[in-house]
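Please read the following report beside the sequence and the three-dimensional view.

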Amino acid sequence: MHILGIETSCDETAVAIVKDGTEVYANSISSSVLQFEKLAGVIPEEAARLQLEYMIPVIQDALKAAGMQPADIDAIAVTRGPGLLGSLLVGTTTARMLAAIWQKPLIGVHHTLGHLSSTWLGTGPANAPVFPVLTLSASGGHTDIWYRTSHMHGSLIGRTRDDAAGEAFDKGASMLGLPYPGGPHIARMAAEGNEKAYPFPLPLHGDSSCDFSFSGLKTSLKYLLRDLPEPFAVSDIAASYEHALCRHLVDRLRKAVELHPDTREVHLVGGVSANNHLRLLTSSLCHEYAVTLRYPLLNMYCTDNAAMIASAGYFQLMEEPETVTANFETEASLSLQKTLAE
Ligand code: KG4
Ligand code: ZN
């Protein structure tokens, strides 16, 4: 089954064609993020205006890359939330229009469910992930831990109480004078620094939940920079801050694995899952508990993309065909917890 996925929840205009939730035929993306680099954030109206411009060319690009015609597409999946409303509307309106004109079924997908499916991209039946899966989904907008026994069954077991992990990377980068989005820049600087140079606290350590809190680490960085005599090595600060953020993420994952001893695999998804230090620390944890570690096979599957939406749409259709309806609402603050069955 070939699904055309559309994702426009933030600054990206992305279209992909994926077979059976795993085999990526095309994964086109046009991002306006560079236009927002100096602003350390996205201007919603401007992002939506650019998406309107990019939408049709990106669809044409994906069809061309896959060597396909609209007749070869079996269904359309689109992100229906959460995200910036104007941006989401560009995607969902386009998807509705295509579904009507091409006469295809339409599947509304939760953006985070897309991230949770991103570890299936590029896998085949022989090496597909095995449930129960614990997934840390960490990006600029969310930081959650999900425990799932199938694609559509499971629950949220940890969430951030303040900032998202990606936001903590981005704000830290901005304090260090690095460009937006800051995660990759901190990682690049950190690779040359000493992670033990500046000790940071470990938030919520010993807390009985699997929740996260990043605001304290951000404040620690602010005071460190205020009080530090110049000159100092930015790479040492970047390495110590990156280590603090990753150590917190892995400490909460450890709690999750202990609470769910039947876990077979731990997955890292979302923009922050591209972080090598996080992968390294999680790999030791997985080794300790004898569970499989997975993260998206390509870095372009970590950050927002449409292949993951096409994949999630496929699994949603396979597991719960009766719940798939073209009659969905586009929602800026859509809850995944309500979408998943216990
Ligand atoms: O999933 P994503 O593309 O968009 C959202 O849905 O937010 O994630 C973007 C976030 C940004 O905050 C960015 O700084 C972070 O992911 N990020 C990274 C890395 N690459 C991207 N954070 C840490 N290390 C990286 N290598
Ligand atoms: Zn995302």
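The report below turns to the model itself, then to a sheet, a residue within it, a helix, the salt bridges and a surface patch.

## About the model

This is a predicted model, in which local features need pLDDT of at least 70 and side-chain atom pairs count only at pLDDT 80 or more, while totals for chains, interfaces and linings use all residues. Residues are numbered from 1 along each chain as its sequence is written, chains are lettered from A and ligands numbered from 1 in the order in which they are written, and side-chain values use heavy atoms, with hydrogens and water left out.

## The five-stranded sheet

Five strands make up an open sheet of mixed pairing, in the order β8-β7-β6-β9-β10. Its edge strands are β8 and β10 (292-294), each of which pairs on one side only, and the twist from one strand to the next averages 20°. Helices and strands are DSSP runs numbered from the N terminus, with at least four residues of type H or I for a helix and at least two of type E for a strand; two strands are said to pair if DSSP finds at least two bridges between them.

On to the next strand, β7 is joined by six bridges to the antiparallel strand β8 (residues 153-159), and the hairpin formed by β7 and β8 has two residues between them. The bridge partner of R148 in β8 is G154.

## Burial in the sheet

How many of the eight residues of strand β7 are buried? Strand β7 (residues 143-150) is mostly covered, with seven of its eight residues buried, where buried means under 20% relative accessible area, exposed means over 50%, and partly exposed lies in between (1.4 Å probe, protein chains only).

In strand β6 (residues 133-138) one finds T135, which counts as buried because its relative accessible area is 0%. Apart from neighbours within four places in sequence, T135 is in contact (heavy atoms within 4.5 Å) with L116, D144, I145, W146, R148, H267 and V269.

## Helix α4 and its cover

In helix α4, the buried residues are A165, G166, A168, F169, D170, G172 and A173. The elements that cover these buried residues include β6 and β7, together with α5, α6 and α7 (234-259). After α4 comes G177, whose phi is positive, near 75°.

## Salt bridges

A search of the whole structure finds 13 salt bridges, a salt bridge being a side-chain nitrogen of Lys or Arg within 4 Å of a carboxyl oxygen of Asp or Glu. One of these networks of salt bridges links R159, R161, D207 and D211. D211 and R159 form a salt bridge in which the closest N and O atoms are 4.0 Å apart, and this pair links distant parts of the chain, since D211 is in the loop between α5 (182-190) and α6 (215-227) whereas R159 is in strand β8, 52 residues apart. A salt bridge also joins the side chains of R161 and D211, at 3.0 Å from N to O. R161 lies in the loop between β8 and α4 (165-175) and D211 in the loop between α5 and α6, so this pair ties together parts that are 50 residues apart in sequence.

Is D211 buried or exposed? D211 is buried because its relative accessible area is 9%, whereas R159 is partly exposed at 40% and R161 is partly exposed at 42%. A further salt bridge brings together the side chains of R226 and D227, at 2.9 Å from N to O; R226 counts as exposed at 58% relative accessibility, and D227 is exposed with a relative accessible area of 52%.

## A nonpolar surface patch

On the surface, I29, L297, L298 and M300 form a nonpolar patch with about 360 Å² of accessible area together. Patches consist of residues with over 30% relative accessible area and no salt bridge, like charges being joined within 9 Å and nonpolar side chains (Val, Leu, Ile, Met, Phe, Trp, Tyr) within 5 Å, and accessible areas come from the Shrake-Rupley method with a 1.4 Å probe, where for residues only the protein chains shown count as cover. I29 belongs to strand β3 (residues 23-31) and counts as partly exposed because its relative accessibility is 43%.

Terms used: Axes are lines fitted to C-alpha atoms, for helices over the stretch in contact, and angles run from 0 to 180 degrees between N-to-C directions.
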